[in-house]
Every structure is written in C-alpha cells, then in structure tokens.
Amino acid sequence: MADERDVELMRLALEEAGLAGASGDVPVGAVVARGDEVLARAGNARERLQDPTAHAETLALRAAAEALGGWRLEGCTMVVTLEPCAMCAGALVLARIDRLVFGAADPKAGFVGSLGDLVRDARLNHRVEVESGVLEADASALLRDFFLDRR
C-alpha cells in the first residue's frame, strides 16, 4: 500500500519527468530507493541520447546498480511516473527489484497490468510487488500537457 514515502519518492520522479520533458523527451521520471536512501534518479533520455533503451527506468536501474556495486537490486523500490513498458518491466524482474510504485497507467504500452503483467508472471523466477495510481493525476497531467504542446 502506498504511504508517505511513496508519495515523497513520486514527487522526485515527477521532478525528473519535468526535466525530461523540458529537454524534449517524453516526461517520464524514475527513482530507485532502498529504505530511506535514494540510490538513483533519472528521466527519459531517448531523444537526448538517441538511444531507444534510454527509458527513465533503465537509466535509474543502471545508476542504482552502479551505486550498490552489483546488479541485484533486492530490497529496492522503483518509483516511476508511468506504467513501465515490456522492456522496462522485464528489466525490473531481471534486476530483482522488490517493489514497483507507478503513477499513471499506460493503456497503449504498459506491461504491468494494461497490456500484460510481466512483473507478476508466475512463470518467472522473480515477481515484483506493485502499487499503482500514486499521484496519478499529476503524472497524467504532465504527459497530457507535453503532448498537447506538440500538436
């Protein structure tokens, strides 16, 4: 269940999303935390880096793994403004993230309940606890405004 810490971390993720949007990327932000420690923060950077894998989640996972000195992110929570896509959902499982908190659902590409549910698939060797809808209105507004400005 979402708590005050989830909301606090989501506000950090929203800051990262805003920075990504300001630089021309789709405004999605992510934070990885373990306990009270924020290990990593990132925003989408596909346009800036010209890298199709530079989603906020993958960048935050890489930075968190570097901070911890290893790829196993057990005991960590990923907080992201938008429901992860299939690539990012798979990365969360492979990184052994314990918990995922996200804001807005993504009915067109989300793979944590919308189009599929990779992170809770019983056939995989790891499953992620999920909390959705945290500051959903704020995350949705950021995305809506970004795309309205481009039309």
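Asp-25 touches Ala-20, Asn-44, Ala-45, Arg-46, Glu-47, Arg-48 and Phe-146, not counting residues up to four places away in sequence, where contact means heavy atoms within 4.5 Å. The structure is a predicted model, in which local features need pLDDT of at least 70 and side-chain atom pairs count only at pLDDT 80 or more, while totals for chains, interfaces and linings use all residues. Residues are numbered from 1 along each chain as its sequence is written, and side-chain values use heavy atoms, with hydrogens and water left out.

Asp-25 is found in the loop between helix 1 and strand 1; helices (H or I, at least four residues) and strands (E, at least two) are DSSP runs, numbered from the N terminus. With a relative accessibility of 2%, Asp-25 counts as buried, a term that means under 20% relative accessible area, with exposed over 50% and partly exposed in between (1.4 Å probe, protein chains only). Asp-25 and Ala-13 are twelve residues apart in sequence and lie 14 Å apart in space, C-alpha to C-alpha.

Glu-16, in helix 1, also counts as buried, at 14% relative accessibility. Thr-81 belongs to strand 3 and is buried at 1% relative accessibility. Its contacts, leaving aside neighbours within four places in sequence, include Met-10, Ala-13, Leu-14, Ala-17, Gly-29, Gly-103 and Ala-139.

Helix 1 and helix 5 pack at an angle of about 5°, with their axes 11 Å apart. Axes are lines fitted to C-alpha atoms, for helices over the stretch in contact, and angles run from 0 to 180 degrees between N-to-C directions. Helix 1 is thus roughly parallel to helix 5; angles under 35 degrees count as roughly parallel, over 145 as roughly antiparallel, 65 to 115 as roughly perpendicular and the rest as oblique. Arg-11, Leu-14, Ala-17, Gly-18 and Gly-21 of helix 1 meet Asp-138, Ala-139, Leu-142 and Phe-146 of helix 5. By class, these residues are five nonpolar, two polar and two charged (Ala, Val, Leu, Ile, Met, Phe, Trp, Tyr, Cys and Pro count as nonpolar, Asp, Glu, Lys and Arg as charged, and the others, Gly among them, as polar).

The axes of helix 3 and helix 4 come within 9 Å and cross at roughly 25°, and the two helices are therefore roughly parallel to each other. Glu-57, Thr-58 and Leu-61 of helix 3 make the contact with Met-87, Cys-88, Ala-91 and Leu-92 of helix 4. This contact has five nonpolar, one polar and one charged residues. In helix 4, the buried residues are Cys-88, Ala-89, Gly-90, Ala-91, Leu-92 and Val-93, and they pack against helix 3, strand 3 and strand 4. Just after helix 4, Arg-96 takes a positive phi of about 65°.

The largest nonpolar core has 45 residues, and those with the most contacts inside it are Val-32, Met-78, Ile-97 and Leu-100. Such a core is a set of buried Ala, Val, Leu, Ile, Met, Phe, Trp, Tyr and Cys residues joined through side-chain atoms within 4.5 Å. Among the elements that give two or more residues to this core are helix 1 (4-22), helix 3 (56-68), strand 3 (77-82) and helix 5 (136-149). Helix 3 supplies the largest share of this core, six residues. Leaving aside neighbours within four places in sequence, Ile-97 is in contact with Val-32, Leu-61, Leu-73, Cys-76, Met-78, Leu-92, His-126 and Val-128.
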